[in-house]
Amino acid sequence: MHPPLTLHRHPMCVEIIEQFQKCHLDHPIAKFFGECTELKIKLDRCFREEKAAKRKVNFEQSKKHKERLQALRKEAAEASPKKSNFV
């Protein structure tokens, strides 16, 4: 099973999605007997590659955010006055 075939959500796979949808329109009965299976396999591969690319970008962004947060915490810790035990 694949995700909804909306073109704007899968920019890397637009061409294959269009071919797959055209195959389903051109072969309304034969699609149940494997006429479009080859395109389905290509589509699944494309979705996997797209997901891996998105995952990589998200991981890089996450690393940048973590580094920024650590720097802000360190900066805040250095700026706050230290408490003394003799109050």
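**View 1. Ile29 lies in the loop between α1 (14-26) and α2 (37-79).** Helices here are DSSP runs (H or I, at least four residues), numbered from the N terminus. The model is predicted: local features need pLDDT of at least 70, side-chain atom pairs count only at pLDDT 80 or more, and totals for chains, interfaces and linings use all residues. Residues are numbered from 1 along each chain as its sequence is written, and side-chain values use heavy atoms, with hydrogens and water left out. Ile29 is exposed, at a relative accessible area of 59% (exposed means over 50%, buried under 20%, partly exposed in between; 1.4 Å probe, protein chains only).

**View 2. A disulfide joins Cys13 to Cys46.** A disulfide is a covalent bond between the sulfur atoms of two cysteines, identified here by sulfur atoms within 2.5 Å. The S to S distance of Cys13 and Cys46 is 2.0 Å. This pair links distant parts of the chain, 33 residues apart, with Cys13 in the segment before α1 and Cys46 in helix α2. The link is left-handed, with -100 degrees about the S-S bond. Cys13 is buried at 0% relative accessibility, and Cys46 is buried at 7%.

**View 3. A disulfide is formed by Cys23 and Cys36.** Their sulfur atoms are 2.0 Å apart. Cys23 lies in helix α1 and Cys36 in the loop between α1 and α2, so the pair ties together parts 13 residues apart in sequence. The torsion about the S-S bond is about -95 degrees, so this disulfide is left-handed. Cys23 is buried, with a relative accessible area of 10%; Cys36 is buried at 3%.

Technical notes:
Helix = DSSP H or I, 4+ residues; strand = E, 2+ residues; numbered from the N terminus.
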